[in-house]
Amino acid sequence: MAVKTIAGVEVKVTDDGYLEDMTQWNKEIANEIAKELNIELTDKHFEVLNYLREKTIAKEALTIRSVGKSGIVDIKQLYELFPKGPLKFSSKIAGIPKPTSCI
Amino acid sequence: METKEKKPLEKVCIICAKGNLEDVYASLVMANGAVMEGIETNLFFTFFGLEGITKKSMNHLHTATTGNPAMKMPGGLPFPTMLGGLPGVESAVSSMMRKQMDELGMPPVDEFLEMITAGGGTIYACRLAVDMFKLTKADLSEEVKDIITIGEFYELCDGDRTQIIFT
């Protein structure tokens with residue numbers, strides 16, 4: 001665990017760079033983490049991020065399959081929004097824990 | 001001096017040569033997992049593995065109830081081999097297993113194949129095995145890109161951070 005300053009805020013992050021406390025998250029933090037991953041966030045990205053955060057609060061397991069059935073994006077679009085890390089990168093940007101699902 | 005630099009995988013080429021439910025899913029989970037990690041992924045189906053991409057059979061795969069020493073009864077007692085050979089038992093056990101997998105959020109095979117190609121993974125069928133089982137491209141899932149020879153498959157496996165996985 002480490003403390004990192006993202007978008008002017010001191011946040012606690014894991015060794016992998018995931019936020020320890022998802023309540024510390026805000027849009028500026030999301031933008032800054034996304035920039036590190038070479039992703040420019042659009043409204044569509046935020047729809048996905050908000051969905052992931054809602055599901056995490058509801059303690060539902062996240063898979064790319066469930067995101068694909070969310071009605072927000074299909075799986076192909078999810079890969080387009082978060083290339084090479086549809087669940088890993090989106091979770092990191094959403095300020096939620098590293099995904100534990102295999103699917 | 002010892003080098004400690006990490007060299008992440010860049011490409012995996014996965015071969016699925018068996019048509020049991022568990023063997024096909026092992027290949028699918030590994031392939032999908034690789035795609036999700038941003039690893040270039042080729043998935044090659046050969047011999048009985050073709051069951052996993054044949055439209056008619058892919059969503060009805062069976063697990064072996066005879067000759068499978070790991071098979072257990074519900075509750076954990078060993079599954080008697082004699083019982084496994086009775087008509088209908090393999091079918092019933094297999095459908096029960098598919099149901100359990102569904103409850104865990106594992107997609108049926110056709111959807112799993114779509115998930116892999118949606119992320120940029122590529123699926124191939126083996127030329128020799130397709131000919132042997134007298135199949136055509138039309139018998140195979142739409143997600144299958146091509147029917148290729150083993151030589152062509154090896155050509156796809158270039159690169160020094162590439163691994164071939166045989167399940």
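In the predicted model, the contact between the two chains (contact meaning heavy atoms within 4.5 Å) takes 15 residues from chain B and 13 residues from chain A. The size of an interface is often given as the accessible area lost when the parts come together. Of the area that chain B buries against chain A, 44% is supplied by B:M36, B:M115 and B:A118, more than by any other three residues. Residues are numbered from 1 along each chain as its sequence is written, and chains are lettered from A, with ligands numbered from 1, in the order in which they are written. Because the model is predicted, local features need pLDDT of at least 70 and side-chain atom pairs count only at pLDDT 80 or more, whereas totals for chains, interfaces and linings use all residues, and side-chain values use heavy atoms, with hydrogens and water left out.

On the side of chain B that touches chain A, helix 1 (21–36) and helix 4 (109–118) of chain B each supply at least two residues; helices (H or I, at least four residues) and strands (E, at least two) are DSSP runs, numbered from the N terminus. The residues of this side of chain B divide into nine nonpolar, four polar and two charged, where Ala, Val, Leu, Ile, Met, Phe, Trp, Tyr, Cys and Pro count as nonpolar, Asp, Glu, Lys and Arg as charged, and the others, Gly among them, as polar.

Side chains of opposite charge can pair when their charged atoms come close. The structure holds 13 salt bridges over all chains, each being a side-chain nitrogen of Lys or Arg within 4 Å of a carboxyl oxygen of Asp or Glu, and the count between chain B and chain A is three. One salt bridge joins the side chains of B:E37 and A:K88, at 2.7 Å from N to O. Another is formed by the side chains of A:K69 and B:E111, at 3.4 Å from N to O, and this pair crosses from the loop between helix 3 and helix 4 of chain A, where A:K69 lies, to helix 4 of chain B, which holds B:E111. A:K69 counts as exposed at 57% relative accessibility, whereas B:E111 is buried, with a relative accessible area of 17%; buried means under 20% relative accessible area, exposed over 50%, and partly exposed in between (1.4 Å probe, protein chains only). A:R65, A:K69 and B:E111 are linked in a network of salt bridges.

Within chain A, helix 2 (residues 43–57) has 15 residues, which at 1.5 Å a residue should span 21 Å, and its end C-alpha atoms are 21 Å apart, in agreement with that value; the expected span is 1.5 Å times one less than the number of residues. The buried residues of helix 2 of chain A, among them A:F46, A:L49 and A:L52, pack against helix 1 (27–36), helix 3 (64–68), helix 4 (75–81) and helix 5 (88–94) of chain A. A salt bridge also joins the side chains of A:K44 and A:E47, at 3.8 Å from N to O, and both residues lie in helix 2 of chain A, three residues apart, about one turn of the helix. A:K44 counts as partly exposed at 32% relative accessibility, and A:E47 is partly exposed, with a relative accessible area of 39%. Helix 2 of chain A is followed by A:K59, whose phi is positive, near 60°; A:K59 is exposed, with a relative accessible area of 77%.

In chain B, the side chains of B:D131 and B:R127 meet in a salt bridge at 3.3 Å from N to O, and both residues lie in helix 5 (residues 127–132) of chain B, four residues apart. B:T122, in strand 3 (residues 122–126) of chain B, is buried, with a relative accessible area of 17%.

Notes:
Buried area = accessible area lost by both parts, 1.4 Å probe.
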